[in-house]
Amino acid sequence: MTQTLSSLGADAPDASVLNETQLLDVYRTMRSIRAFEDRVHDEFATGDIPGFVHLYAGEEASATGVCAHLDPDRDTIASTHRGHGHCIAKGVDIKPMMAEIFGKSTGSCRGKGGSMHIADLSKGMLGANGIVGGGPPLICGTALAAKIKGDGGVGVAFFGDGASNQGTTLEAMNLASVWNLPAIFVAENNGYAEATSSTWSVAADNIADRAAGFGMPGVIVDGFDFFAVYEAAGEAIKRARQGGGPTLLEVKFTRYYGHFEGDQQKYRGPNEVANIKESQDCLKRFRARVVETGRLTDAQLDQVDAQVATLIDEAVAEAKAAPVPSPEDLLTDVYVKY
Amino acid sequence: MAIRKLSYREAINEALAQEMERDPSVIVMGEDNAGGAGAPGEDDAWGGVLGVTKGLYDKFPGRVLDTPITESAFVGAAVGAATRGLRPVAELMFIDFAGVCLDQIMNQAAKFRYMFGGKAVTPVVIRTMYGAGLRAAAQHSQAFYPVFTHLPGLKVVLPSSPYEAKGLLIQSIRDNDPVIFCEHKAMYDVTGDVPEESYTIPFGEANVVREGDDVTIVALGRMVSFAQQAAEELESSGVSAEVIDPRTVSPLDLDTILESVQNTGRLVVVDEASPRCNLATDISAQVVSEAFGDLKAPIKMVSPPHVPVPFAEPLEDLYIPSVQDIVNAAKTVTEWSK
């Protein structure tokens, strides 16, 4: 049965659960994602970035709230074509990410993957994925490995409202229940699968309603509220680590940019994004919350903003200056030996 | 060490058992691979649809997993688990079912190493049954391996005898790339000499099954024994045929084929896969490209007609390339003149 956070016994997600260092840390993560995506938006418009990019701005609370509970060595995540936010939240280094997006040899994937395939397996980040629904089956595998190893690790599959209808996602949820895997399925419902609204394409009232059909709890979470995500994810991850099996979280929010950069977004209402940015923005809400409750000061948060801005500037400058892969790189790394 | 007669089925079972004994990271999964989870009398009731994995469930508790009928999820799980230090051997029961899980094979497993810049290792083996001859009709009789051969990043193996099956499967499990291991379903009861000890057969090394000087016959999988029979018959007509079994079509040992063609000047390629874009066309084109000057006659490709596999016995018998077809092709090229 679908639950909301309050029915789990948590009336208002508790900002006191995280200490000051952790609060700054998660803010830094969210700010890094926002700054990174806003900058990629600008750089893409100049024509310097090849191919396609799909930006995560607006959705920061989801990746951050979930990944704040994860370890680099034993926990894994699978992502989507809109993967920059998941990468940053999982600890993938920002400078190589930027270089990868510019197609340079210093990139996370040596320039051979691009925006849609940024990965860092050493940090349990199985890659952004160009195939809608490509991630959930992989997470059944990493969760199975964690279960067999007995290290308490979990696998988190991030996927969108579009992917929530893909057969692979549904199969993966069933298998995760049947095998009782330490897996968490995070449906990031930003309202649109490309240009098609999720209210049209998802037959159920909520994606989370499907959870019961796959033998797992389903929880709806306000995706603009970091603390709500943090709390719901924490509950699900704890359950998984303790052998309680999988959970489906449905995070409801929106994306600020188009499906891809260049998308005119004619399918959205007038001022739709501007209104949400004004009233719901996760970074604004986080700041208001921690400052009002006296946990952090504006000055501390401003300092993080400045540091992040510098980091992004450096990342772009270094990415632009870096070399492209050499012709020999075309033929390497198809197989382990060559 | 002892050499004794084992069936193709037993040889595969022995390869799995010996590797699972040696390496605790090897796990097996597939539909009914143990027995039939959840059914009364389940434990090792079947051991696979044709009994190939029988006995493993008891020997290796927790490492032989039944799956629901959910290829995308469990093939994907095998791929994901492979990135986390396990060496899964997943069974795609019939190669014809590739349609329901192809993404996890073609876009995930095959491409991780390359698109993640050489930073992924995906040692997954997908064992699968192919081929006509059991009256299983159109959707259960295909020889779909050309499609896997086409994909950079996969390795494709076609064992032609019990000896090849054991050595090549052990090699497949130890190989660090994704391997599609194609077992001919009509060969499970074929017996042959198989050493007791564990051994490997390297990939990309063809086997010259029979030496000859008048014509080179390259054959794949079950067609190797047909080619050997054809060679016997040709011998009695005074035609000396050299029979080559590539063993693996990806990587393909073209050099051995070219060396043979340099000697014989005539080539017949026998491939049970449907004729458009199959291995016969691939090998023929490569030979013409590299060794045009060595050829004394056009190349003859022996393949089925471009039709789905029929059900009725006389029709299926007509469909499958026969020993006579191979003899005729060899005679055509040896008798050919401008």
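**Two chains, one walk-through**

Let's start with chain A. Of its 338 residues, 54% count as buried. Keep in mind that this is a predicted model. Chain A has 11 helices and eight strands. Its radius of gyration is 19 Å, close to the 20 Å from the globule rule for 338 residues, so chain A is as compact as a globular protein of that length. Its C-alpha atoms fill a box of roughly 55 × 50 × 40 Å along the principal axes. Now the contacts inside chain A. Take those with a separation of 6 or more: 75% of them come from residues 24 or more positions apart.

Now chain B. Here we have 11 helices and 14 strands. A compact globule of 338 residues would have a radius of gyration near 20 Å, and chain B agrees, with 20 Å. The C-alpha trace spans about 65 × 45 × 45 Å along its principal axes. Of the 338 residues of chain B, 57% count as buried. Of the contacts in chain B between residues at least 6 apart in sequence, 78% join residues at least 24 apart.

Next, the interface. How many residues of chain B are in contact with chain A? The count is 33 residues of chain B, against 34 residues of chain A. Two elements of chain B give two or more residues to this side: helix 3, residues 71–82, and helix 4, residues 102–115. Helix 3 of chain B gives the most, with nine residues. By type, the chain B side divides into 14 nonpolar, 14 polar and five charged residues.

Stay with helix 4 of chain B. What does the covering? After helix 4 of chain B comes B:Gly117, with a positive phi near 65 degrees.Over to a helix pair. Helix 1 of chain B, residues 8–22, and helix 6 of chain B, residues 162–174, have axes that come within 8 Å and cross at roughly 30 degrees. That angle makes helix 1 of chain B roughly parallel to helix 6 of chain B. The crossing is right-handed. Which residues meet there? From helix 1 of chain B, they include B:Tyr8, B:Ala11, B:Ile12 and B:Ala15. From helix 6 of chain B, they include B:Pro162, B:Ala165, B:Leu169 and B:Ile173. The residues of this contact divide into nine nonpolar, one polar and three charged.

Why does B:Leu267 count as buried? It has 31 C-beta neighbours inside 10 Å, and the cut-off for buried is 20 or more. Leave aside neighbours within four places in sequence, and B:Leu267 is in contact with B:Thr216, B:Val218, B:Val261, B:Val287 and B:Ile299. B:Asp325 is 58 residues from B:Leu267 in sequence, and the two are 14 Å apart in space, C-alpha to C-alpha.

Last, some backbone details. Most residues other than glycine have a negative phi, and most peptide bonds are trans. Here are some exceptions.

- A cis peptide bond joins B:Ser250 and B:Pro251, with omega about 0 degrees. B:Pro251 lies in the loop between strand 12 and helix 8 of chain B.
- A:Asn180 has a positive phi, near 45 degrees. A:Asn180 lies in the loop between helix 6 and strand 4 of chain A. With 16 C-beta neighbours inside 10 Å, A:Asn180 counts as partly exposed.
- B:Cys277 also has a positive phi, about 65 degrees, and is not a glycine. B:Cys277 lies in the loop between strand 13 and helix 9 of chain B. B:Cys277 is partly exposed, with 13 other C-beta atoms within 10 Å.

That's the tour. Over to you for questions.

Note on methods
Residues numbered from 1 in each chain as written. Chains lettered and ligands numbered in written order. Predicted model: local features only at pLDDT ≥ 70, side-chain atom pairs only at ≥ 80, totals over all residues. Contact = placed C-beta atoms within 7 Å. Helix = DSSP H or I, 4+ residues; strand = E, 2+ residues; numbered from the N terminus. Nonpolar A, V, L, I, M, F, W, Y, C, P; charged D, E, K, R; others polar. Buried ≥ 20, exposed ≤ 12 C-beta atoms within 10 Å, placed from the backbone. Rg over C-alpha atoms; globule rule 2.2 N^0.38 Å. Axes fitted to C-alpha atoms, helices over the stretch in contact; angles between N-to-C directions. Parallel < 35°, antiparallel > 145°, perpendicular 65-115°, else oblique. Left-handed = near helix turned anticlockwise from the far one by under 90°.
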